[in-house]
Amino acid sequence: MKAKTKFGIGIAIIVVTLSSLAFIGAKESKTYYHTVAELPTLTSAEMRERIRVGGDVAPGSIQHRAGRVDFTLKEADKTLQVSYVGSDPLPDTFKDGAQALVEGHAMPDGRFVAEQVQSKCASKYEAAPGGVIPADGAQTAPADPRS
């Protein structure tokens with residue numbers, strides 16, 4: 001076999017292998033966002049996909065168990081029971097009333113098993129409403145986005 005033919009076959013194998021790895025990686029990392037209200041309407045095929053769901057942590061619902069943390073997400077009048085089984089520690093801002101985004105899989109029994117949890121405490125990061133000056137009278141200038 002000629003050297004050019006061997007080189008062409010080698011290049012083809014490398015291109016096919018890299019393309020396959022890219023396709024598989026993109027497919028496995030794909031995550032769909034759904035609301036708490038949408039979860040009961042998902043088909044069984046959609047339930048097997050990786051899903052993100054956002055909502056507020058219901059007050060008094062956080063329970064630390066062996067190997068997991070159970071809590072309830074609520075959005076409007078709908079609730080979702082969540083079990084966090086990830087290996088990363090929960091964020092410091094994860095507490096009652098915090099906004100949370102969970103990523104994992106919906107179970108047929110209506111529970112959600114999360115491998116990742118992100119949260120933020122909205123009141124901690126919001127600007128003062130309507131440009132109200134704080135009670136101490138100090139007026140702060142907004143940060144310059146160019147610096």
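Reply: At least two residues of the lining of the largest cavity come from each of β6 (99-106) and β7 (112-120), where strands are DSSP runs of E with at least two residues, numbered from the N terminus. This is a predicted model, in which local features need pLDDT of at least 70 and side-chain atom pairs count only at pLDDT 80 or more, while totals for chains, interfaces and linings use all residues. Residues are numbered from 1 along each chain as its sequence is written, and side-chain values use heavy atoms, with hydrogens and water left out.

The lining consists of R52, L101, V102, E103, Q116, V117 and Q118; a cavity here is a set of points, on a 1 Å grid over the protein atoms alone, where a 1.4 Å probe fits but cannot get out, and lining residues have an atom within 4 Å of a point. The structure holds 1 cavity of 30 Å³ or more, and the largest cavity has about 30 Å³ of space, the volume being that filled by probe spheres set on grid points joined across faces, edges and corners. By class, the lining residues are 3 nonpolar, 2 polar and 2 charged.

As for the strands themselves, β6 and β7 run antiparallel and are joined by 8 bridges, with E103 having Q116 in β7 as its bridge partner; two strands pair if DSSP finds at least two bridges between them. Their hairpin has 5 residues between the strands, and G110 there takes a positive phi near 95°. β6 also pairs with β2 (residues 51-57), in the antiparallel sense over 6 bridges, and L101 in β6 is the bridge partner of G54.

Conventions: 1 Å grid on protein atoms, 1.4 Å probe; cavity = no way out; pocket = protein on both sides within 12 Å on 5 of 7 lines; lining within 4 Å. Helix = DSSP H or I, 4+ residues; strand = E, 2+ residues; numbered from the N terminus. Nonpolar A, V, L, I, M, F, W, Y, C, P; charged D, E, K, R; others polar.
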